[in-house]
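Please open the structure in your viewer and keep the selection tool at hand. The tour below goes from stop to stop, saying at each one what to select and what is there.

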Amino acid sequence: MSYLANVFVCIAVFIDAGAAKLNEQRFNIITSNKESAIVRVGMLITSISDVNFKQSTFKATLSLTIVLEKSKRPVGSSIVRYDQYLYPFSDIIILSKSVRPLDDYRLITTAIDGTSTSQLRYNTEIFCAFQLNNYPFDIHTCEIVVLSVRHPVKQLTLTWIDSEGARINQDVSPPNIHVSMLSSEQCEIDSTYALTEFNAATARFGCVRAKLLMSRPLYIPLVRFFVPSGVAMLIAWIVVYVDRTRIQTRLTLLIFSCFLVLFVIFKTYNDVPPLIFLTAGDIWIIICSLFLFLSFIEVILAHVLMNLSRKHLMLANKDIAIRAESRYRREKHALREACSNNSQPPSANGRILEKKHVEVILPSASSTSNSEVIVHNYFRRWSDYYSVMAARLDLGARIMLPVVFIVVMLLYFLFYIFL
């Protein structure tokens, strides 16, 4: 039994010695040097894909080069596993939602002057707070941050390898987003490294930051957003050139325009999360919907005026389709109006329409009383008046709707693109 106890004691001493040696290897630079260790970082962004506006993330493949000056490592090259701890290469991370190295091993090269260099490639998914206020003219500033997580600034400082900072490949942009390098800068982040019951210990950690500028090419919103809605508005303008009596054709064209606008809404906003504020696209949809509503109102008013004109014409010709009670009531009202001072309808086309049918030869003029002639002329004048007003309404819509829409469209693009 004593022999087994001695064996266990020896094993415990051996484990403690190995742990102490590992800790000494991790922190020998920090304990031996009072000055902060300088780590230079180089970044090459090789590709960016899957820009997800709903989750506020994008995926990036990048190559990270880490250079440690005065590393006190032996001259030469060594290959270690990625998950094996090695100061300071294992302490430098990419601030992201998820990160996965493309290589299982890390190559570390140490020069004669004591400079150690390591290079590794990563697939990352990085969070970016996309600003969608001007969607689809949106421009976003996204950051890729490389951070030292275990050693504060007093112990380890991060800086770029050269003044140019991070680099980006020319063909890095995904199909629907244009990506360019905005700036590269050195930074510091305040973070909490210990928590107690009553307080929290914080420290300032060094980092380097690469800022990317993401913008949407102009042809994408033109093709997917503005051209279909512009076609819808063009169809709505064509409606006023259709014969006023063909109400079914007019309504069919307007409904087709509405379906085009709904298609634009469904297709364009499919990749955008629900927002609590109005975007530039929302304002454009509101403008198009307002003009479509005005087109509907114009078509309905013109149809109502044409129905009134047709009904008064039927009353003038004593059409059998009009009920006898309704015709008698209206003829009585017409005679009462004829005997009063307000017997004339409003003027249209610069003249009073009562003069148009003063001399009317009825089919049986010899047997027609004077009251029937008055009633006939009264209804014909009002029939002509409603018909002229419907024509005026269509003529005004042909001019006003396109002109006002073009003016609003120019102001819209001037505000969101040039200002």
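Begin by selecting helix 3 (residues 247-268) together with helix 4 (residues 280-316), which pack at an angle of about 170° with their axes 11 Å apart; here axes are lines fitted to C-alpha atoms, for helices over the stretch in contact, and angles run from 0 to 180 degrees between N-to-C directions. Because angles over 145 degrees count as roughly antiparallel, helix 3 is roughly antiparallel to helix 4. Helices are DSSP runs of H or I with at least four residues, strands are runs of E with at least two, and both are numbered from the N terminus.

This is a predicted model, in which local features need pLDDT of at least 70 and side-chain atom pairs count only at pLDDT 80 or more, while totals for chains, interfaces and linings use all residues. Residues are numbered from 1 along each chain as its sequence is written, and side-chain values use heavy atoms, with hydrogens and water left out.

Staying with helix 4, select Met 306, which is buried at a relative accessible area of 12%; buried means under 20%, exposed over 50% and partly exposed in between, with a 1.4 Å probe and protein chains only. Leaving aside neighbours within four places in sequence, Met 306 is in contact with Arg 244, Thr 245, Ser 387 and Ala 390.

Now turn to the cysteines, where the structure holds two disulfides, each being a pair of cysteine sulfur atoms within 2.5 Å. Select Cys 128 and Cys 142, joined S to S at 2.0 Å; the torsion about their S-S bond is about -80°, so this disulfide is left-handed. Then select Cys 187 and Cys 207, whose sulfur atoms are 2.0 Å apart, with Cys 187 in strand 11 (residues 178-195) and Cys 207 in strand 12 (residues 200-215).

Finish with Cys 258, which is partly exposed at 24%, and Cys 288, which is buried at 0%.

Methods
Angles under 35 degrees count as roughly parallel, over 145 as roughly antiparallel, 65 to 115 as roughly perpendicular and the rest as oblique. Contact means heavy atoms within 4.5 Å.
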